[in-house]
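Please read it alongside the sequence and the coordinates.

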Number of protein chains: 2
Amino acid sequence: MSDIDIREIADCTCAGLRRATRRITQLYDHALVPVGLTANQFSLLSHLYGAEMMKVGGLSIKLLADRLGMDPSTLTRNLKPLAIKGLVADHADPKDGRARLVTITARGHSKLKEAVPHWRGAQSELNEKLGAGATKQLRNLLDASFAIFET
Amino acid sequence: MSDIDIREIADCTCAGLRRATRRITQLYDHALVPVGLTANQFSLLSHLYGAEMMKVGGLSIKLLADRLGMDPSTLTRNLKPLAIKGLVADHADPKDGRARLVTITARGHSKLKEAVPHWRGAQSELNEKLGAGATKQLRNLLDASFAIFET
DNA sequence: GCCATTTACATGCATATACATCTATATTGT
DNA sequence: ACAATATAGATGTATATGCATGTAAATGGC
């Protein structure tokens, strides 16, 4: 019977990625509970804060989605809870009537600043337990994997 | 102003994991479209097939969820589409009236067998583009990250 | 044996994810 | 300028994810 090599398919890189992501996301999510953000929301605010620092007048859904490797429709929905809390806002793009430029608000800035120490706790814990070298290596491999399939 | 080090928070390991996982999951999801499975469903069937090979009379939700690092409630819901398609089934545990033992069906076995070549296409593409050594290294780091936060 | 506690699973809720499709606007070819 | 095409974003639908809570069954203390 069988015909299927269990050792081959058990080595699935995608399954390994998804499994580790579940665990590590929990680590960060739990760390951020006190400030009422998820790990994903922290990441969105970080990107918008980075854009703000670069004096960019907001990021379009498309540009931000590209940077995050996220579908634009997913990003639209992920921004909603943040918009409801007043942490992000958007305004029309004067250059393109189809686009909306998303920015971090003053409140979003405060919330991000409040979140950083909690985020750092998770980031440090992973860094220490996995090892600084291994963590850096992991990050490089993840970024390479992402970049390879750039569309 | 600012007070936030963008370089520090842009280096978030969790965000890197999630971003790479989105991309790589798409690679596998697209490869599996012809057989009507998602990457996650392929992973579930793999585990159940592995248990079947070991002559285990089905896996409980709890045991399988532990192996996958997945919340039991998530697993319950992820199994539903597979059960509807008749690819998995469950029966009462004679030793424990609370548990349900999940097994892969004959149809699930066929479907998995049908899926393997498509899955292998994605797995091979990633392996070639990232490099065999880097892929193995990535897998080891992912498994280590997962294991470290074993509960 | 009985009651308190623990465990296994299901369900309600909120967020996360992507594809197909729709609308509105921009761009391009002529 | 106009028509055809392409692009930006929103929405419907399905799967994925975890927490809080509820229900039923097992376990432990007495």
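## Terms and conventions

Helices (H or I, at least four residues) and strands (E, at least two) are DSSP runs, numbered from the N terminus. This is a predicted model, in which local features need pLDDT of at least 70 and side-chain atom pairs count only at pLDDT 80 or more, whereas totals for chains, interfaces and linings use all residues. Residues are numbered from 1 along each chain as its sequence is written, while chains are lettered from A and ligands numbered from 1 in the order in which they are written.

## Overall build of chain A

Chain A has 7 helices and 3 strands, and from the N terminus on its elements follow the order α-α-α-β-α-α-β-β-α-α. Its C-alpha trace spans about 60 × 35 × 25 Å along the principal axes. Of the 151 residues of chain A, 38% count as buried, a residue being buried if 20 or more other C-beta atoms lie within 10 Å of its own, exposed if 12 or fewer, and partly exposed in between, with C-beta atoms placed from the backbone.

Two residues are in contact if their C-beta atoms, placed from the backbone, lie within 7 Å. Among the contacts in chain A with a separation of 6 or more, 53% are accounted for by residues 24 or more positions apart.

## The sheets

In chain A, 3 strands form an open sheet in the order β1-β3-β2, and the pairing is antiparallel; two strands are taken to pair if DSSP finds at least two bridges between them. The edge strands are β1 (59-60) and β2 (88-93) of chain A, each of which pairs on one side only. β1(A) and β3(A) pair in the antiparallel sense over 2 bridges, and S60(A) stands opposite L101(A) in β3(A). Across β1, β2 and β3 of chain A lies α3(A), which runs at about 100° to β3(A); for such angles, axes are lines fitted to C-alpha atoms, for helices over the stretch in contact, and angles run from 0 to 180 degrees between N-to-C directions.

Chain B likewise has an open sheet of 3 strands in the order β1-β3-β2, with antiparallel pairing. Because β1 and β2 of chain B stand at the edges with a single partner strand each, one side of each is left without a neighbour in the sheet. Strand β1 (residues 59-60) of chain B pairs with β3(B) over 2 bridges, and the bridge partner of L59(B) in β3(B) is V102(B). Strand β2 (residues 88-93) of chain B pairs with β3(B) over 6 bridges, D93(B) having D96(B) as its bridge partner, and a hairpin joins β2(B) to β3(B) through 2 residues.

## The nonpolar core

The largest nonpolar core has 80 residues, and those with the most contacts inside it are Y28(A), L48(A), Y28(B) and L48(B). Such a core is a set of buried Ala, Val, Leu, Ile, Met, Phe, Trp, Tyr and Cys residues joined through C-beta atoms within 7 Å. Leaving aside residues up to four places away in sequence, L48(A) touches L59(A), V88(A), V102(A), T103(A) and I104(A).

## The contact between chains A and B

In this model, 53 residues of chain B are in contact with 53 residues of chain A. On the side of chain B that touches chain A, at least two residues each are supplied by α1 (6-9), α2 (13-32), α3 (39-53), α6 (106-130) and α7 (132-148) of chain B, and α2(B) gives the most, with 15 residues. By class, this side of chain B has 30 nonpolar, 14 polar and 9 charged residues, where Ala, Val, Leu, Ile, Met, Phe, Trp, Tyr, Cys and Pro count as nonpolar, Asp, Glu, Lys and Arg as charged, and the others, Gly among them, as polar.

## The surfaces near the DNA strands

A residue is near a molecule or strand if its C-beta atom, placed from the backbone, lies within 6 Å of it. Of the 25 residues around DNA strand C, N40(A), S73(A), G97(A), K62(B) and S73(B) come nearest. The largest share of the surface near DNA strand C, 5 residues, comes from α5(A), and by class this surface has 5 nonpolar, 11 polar and 9 charged residues.

Around DNA strand D there are 25 residues, of which S60(A), K62(A), S73(A), N40(B) and G97(B) come nearest. Here α5(B) gives the most to the surface, with 5 residues, and the classes number 5 nonpolar, 11 polar and 9 charged residues.
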